[in-house]
Amino acid sequence: MDKEKSLISLTEAVEAIKTAILQGQYEALKDVNRVQLAVYFAIGKYLSENTRKGFWGTGALKQISLQLKKEMPGLRGFSETQLKEMRSFYEGWEILDASTQQHKNLSVENSSVATDEFSQCNLPVTTDKLQMVNNQIDIYKTIKIPDIADFPIEDFFRVPFTHHTRIMAKCKDLSARYYYIHRTAEEHLSVDALEKIIKQQAFENRDKLPNNFSQTITNSSMARKAVMSYGRGHL
């Protein structure tokens with residue numbers, strides 16, 4: 001072997017090792033994200049079942065959030081607003097509910113998406129005791145991938161929760177959701193970048209744009225960007 005070709009600079013060696021480390025962190029984050037989505041989905045189902053049918057009052061989520069912070073100091077990601085987002089995440093993707101998906105129409109428009117009409121049925125919270133319709137949360141078996149040929153399984157679990165909430169809030173069409181999930185996963189989009197392309201109606205104009213968003217992590221700079229994007233995306 002040519003001696004000159006066999007030698008690499010210290011900078012190149014460090015760069016190669018950095019890339020490997022960052023890629024490893026990125027892969028680890030994807031696994032963490034998969035678990036996090038399953039947890040939020042299960043919690044969302046629990047909250048939906050108890051609040052939408054009048055079992056709990058309208059102030060229940062705020063009360064739960066305050067109690068969680070009191071009992072678990074330093075806990076982040078469980079404010080009243082974020083609990084509502086978990087509930088909406090479940091309701092927006094109820095087709096993934098393992099216990100009911102066989103009996104549901106696989107149309108987003110027909111799923112029980114959150115509405116003011118439901119919340120108005122609840123009464124104000126007057127006690128720290130909450131009636132329980134179901135006091136168990138199964139984070140392992142609640143979520144199940146439906147038998148839909150074009151469901152983006154890998155992309156779905158690569159997209160951080162915050163990104164999912166933005167997609168659900170702005171896209172009722174199932175195909176549009178799939179599209180933005182895929183682009184977020186492939187391009188490692190920040191929340192701001194995702195909201196921008198949704199505002200620009202990228203899905204509606206997809207046939208007019210070049211299909212150049214499929215990328216892979218090939219250097220430490222891209223890997224670092226991906227790690228930072230996923231880190232910011234988590235609650």
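Glutamate 85 is found in helix 4. Helices here are DSSP runs of H or I with at least four residues, numbered from the N terminus, while strands are runs of E with at least two. The model is a predicted one, in which local features need pLDDT of at least 70 and side-chain atom pairs count only at pLDDT 80 or more, while totals for chains, interfaces and linings use all residues. Residues are numbered from 1 along each chain as its sequence is written, and side-chain values use heavy atoms, with hydrogens and water left out.

At 22% relative accessibility, glutamate 85 counts as partly exposed. On this scale, buried means under 20% relative accessible area, exposed means over 50%, and partly exposed lies in between, using a 1.4 Å probe and protein chains only. The C-alpha atom of glutamate 85 is separated by 9.2 Å from that of phenylalanine 161, although the two residues are 76 residues apart along the chain.

## How helix 3 and helix 4 pack

Helix 3 (residues 60-71) packs against helix 4 (residues 80-92) at an angle of about 120°, and their axes are 8 Å apart. Axes are lines fitted to C-alpha atoms, for helices over the stretch in contact, and angles run from 0 to 180 degrees between N-to-C directions. Helix 3 and helix 4 are therefore oblique to each other; angles under 35 degrees count as roughly parallel, over 145 as roughly antiparallel, 65 to 115 as roughly perpendicular and the rest as oblique. Helix 3 passes helix 4 in a right-handed crossing. A crossing is right-handed if the near helix is turned clockwise from the far one by less than a right angle, and left-handed if anticlockwise.

On the helix 3 side, Leu61, Lys62, Ile64 and Ser65 meet Glu80, Leu83, Lys84 and Arg87 of helix 4. Contact means heavy atoms within 4.5 Å. Sorted by class, this contact of helix 3 with helix 4 has 3 nonpolar, 1 polar and 4 charged residues. Ala, Val, Leu, Ile, Met, Phe, Trp, Tyr, Cys and Pro count as nonpolar, Asp, Glu, Lys and Arg as charged, and the others, Gly among them, as polar.

Serine 65 lies in helix 3. With 4% relative accessibility, serine 65 counts as buried. Apart from neighbours within four places in sequence, serine 65 is in contact with Phe78, Ser79, Glu80 and Leu83.

## Aromatic rings

How many aromatic pairs does a search of the whole structure find? The search finds 13. Rings of Phe, Tyr and Trp (its six-membered ring) pair if their centres lie within 6.5 Å; planes under 30 degrees apart count as stacked, over 60 as edge-to-face and the rest as tilted. One of these pairs joins tryptophan 93 and phenylalanine 151, which are edge-to-face at 6.0 Å centre to centre, with 90° between the planes. Tryptophan 93 lies in the loop between helix 4 and helix 5 (116-119), and phenylalanine 151 in the loop between helix 5 and helix 6 (153-158), so the pair ties together parts that are 58 residues apart in sequence. Both tryptophan 93 and phenylalanine 151 are buried.

Tryptophan 93 also pairs with phenylalanine 156: the ring centres are 5.3 Å apart and the planes are at 85°, so the pair is edge-to-face. Phenylalanine 156 lies in helix 6 and tryptophan 93 in the loop between helix 4 and helix 5, so this pair ties together parts that are 63 residues apart in sequence. The relative accessible area is 1% for tryptophan 93 and 0% for phenylalanine 156. One aromatic cluster is formed by Tyr40, Phe41, Phe78, Phe89, Tyr90, Trp93, Phe151, Phe156, Phe157, Phe161 and Tyr178.

## Helix 7

Of the 10 residues of helix 7 (residues 161-170), 7 are buried, so helix 7 is largely enclosed by the rest of the structure. The buried residues are Phe161, Thr162, His163, His164, Thr165, Ile167 and Met168.

Helix 8 (residues 174-187) and helix 9 (residues 191-199) pack at about 140°, with axes 11 Å apart. Helix 8 passes helix 9 in a right-handed crossing. Tyr180, Arg183 and Thr184 of helix 8 make the contact with Leu194, Ile197 and Ile198 of helix 9.

Histidine 188 is placed in the loop between helix 8 and helix 9. Histidine 188 has a positive phi of about 55° although it is not a glycine, and counts as buried at 9% relative accessibility. Glutamine 201 lies in the loop between helix 9 and helix 10 (220-233). Glutamine 201, also not a glycine, has a positive phi of about 60°, and at 43% relative accessibility counts as partly exposed.
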